[in-house]
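Welcome, and please open the model in your viewer. We will go from stop to stop, with something to select at each one.

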Amino acid sequence: MSKPTKSEGWVANSLTSDPKSWHNSSLVSVSQISSSGLRLLCSSAASMRALVRAEGGDDRLKHRILSTVFYEPSTRTSCSFQTAMLRLGGTFVHVDGGKGGNTSAAGKGESLDDTIACLQCYTDATVLRHPLKGSVPSVAAKSSKPVLSAGDGVGEHPTQALLDLFTIWDELGLGSDPPPSDEPIVIVLLGDLKHGRTVHSLAKLLSTSCTGRPVILRYCSPPSLKMPEYVKEYVANASTTDHVTQEETDDVQSALEDASV
């Protein structure tokens, strides 16, 4: 495991396979999660899926309350957090802070920091989506309780990227020992890569060695919507073992020819 370092205001690789490293921690960037931490998350997600299929859930979060605060529209992300909380015996309060929302004092001029500070008097953790890049990490740095990012502008969307990574891990059998193959996995990220916060987070996640196999990250987009340089630099710097190769093209057909995902 690489030594934890400061990255984007948060300690990189600090969330590991040790469950204690996750206790009371905010999650605002995928850079916080080490490769061993990603393997722990994927195995835990598989266990939780089996629990829900077999029993519908349990009550490990009984008497716990989650606040879901969304300043941008959301269906899948907000409902997934709320459903997870309910399946584990907890409950939630939801605040619609976006334009036209009627459950937030933001419409009367209350600041984001004040809204979250107020909610944390009632709840145990907060899920936050906001349109401004960097807003969620800024709030989390001042927070007394865990804050989970549900997306901040064109910055990151760590929880969606984690779901995508788990799907890849599960569908390709990457959790098996030994893995089914040592051939490179070709993952094509296609579309608006400039503004897509989920692909920014997913590319960073895939720069770790969590897959157990070499990875070819192939970025396919029009020239005006290419993957930002800072994301490509992050991937290049994080992939210290050269297990990740980055490619770029604007030809959809050739990009998909040998794609695994």
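A contact here means heavy atoms within 4.5 Å. Among contacts in the protein between residues at least 6 apart in sequence, 66% join residues at least 24 apart. You are looking at a predicted model, in which local features need pLDDT of at least 70 and side-chain atom pairs count only at pLDDT 80 or more, while totals for chains, interfaces and linings use all residues. Residues are numbered from 1 along each chain as its sequence is written, and side-chain values use heavy atoms, with hydrogens and water left out.

**Stop 1: the whole chain**

Now colour by accessibility: of the 261 residues of the protein, 43% count as buried. Buried means under 20% relative accessible area, exposed means over 50%, and partly exposed lies in between (1.4 Å probe, protein chains only).

**Stop 2: the four-stranded sheet**

Strands of a sheet pair through backbone hydrogen bonds, either parallel or antiparallel. Select E3, E4, E5 and E6: they form an open sheet in the order E4-E3-E5-E6, with parallel pairing. Two strands count as paired if DSSP finds at least two bridges between them. At the edges are E4 (91-96) and E6, each of which pairs on one side only. From one strand to the next, the twist averages 15°.

Zoom in on E3 (residues 65-70), which pairs with E4 in the parallel sense over six bridges. Pick leucine 66 and look across to E4, where its bridge partner is phenylalanine 92. Then show helix H4, which packs on this sheet and touches E5 and E6. The direction of H4 makes about 165° with that of E6; axes are lines fitted to C-alpha atoms, for helices over the stretch in contact, and angles run from 0 to 180 degrees between N-to-C directions.

Next, select E5 (residues 125-130) and E6 (residues 147-152). Four bridges join these parallel strands, and leucine 128 has serine 149 in E6 as its bridge partner. Five of the six residues of E6 are buried, so this strand is largely enclosed by the rest of the structure.

**Stop 3: two helices crossing**

Two packed helices are described by the angle between their axes and the distance between the axes. Select H3 (residues 112-119) and H4 (residues 135-142): their axes come within 10 Å and cross at roughly 50°. H3 and H4 are therefore oblique to each other; angles under 35 degrees count as roughly parallel, over 145 as roughly antiparallel, 65 to 115 as roughly perpendicular and the rest as oblique.

Show the side chains of Leu112, Asp113 and Ile116 in H3, which meet Ser135, Val139 and Lys142 in H4. By class, this contact has three nonpolar, one polar and two charged residues. In this scheme Ala, Val, Leu, Ile, Met, Phe, Trp, Tyr, Cys and Pro are nonpolar, Asp, Glu, Lys and Arg are charged, and the others, Gly among them, are polar.

**Stop 4: the three-stranded sheet**

Now select E7, E8 and E9, an open sheet of three strands in the order E7-E8-E9 with parallel pairing. The edge strands are E7 (185-190) and E9 (244-249), each pairing on one side only. Here the twist averages 20° from one strand to the next.

E8 (residues 215-220) pairs with E9 in the parallel sense over six bridges. Click on tyrosine 219 to find glutamate 248 of E9 standing opposite.

Is H6 mostly covered or mostly open? H6 is mostly covered, with nine of its ten residues buried; among them are Val199, His200 and Leu202.

**Stop 5: two loop residues**

Most residues other than glycine have a negative phi, and most peptide bonds are trans. Select asparagine 13, in the loop between E2 (10-12) and H1 (35-55): its phi is near 60°, a positive value in a residue other than glycine. At 15% relative accessibility, asparagine 13 counts as buried.

Finish at histidine 63, in the loop between H1 and E3. The phi of histidine 63 is also positive, near 70°. Histidine 63 is exposed, with a relative accessible area of 71%.
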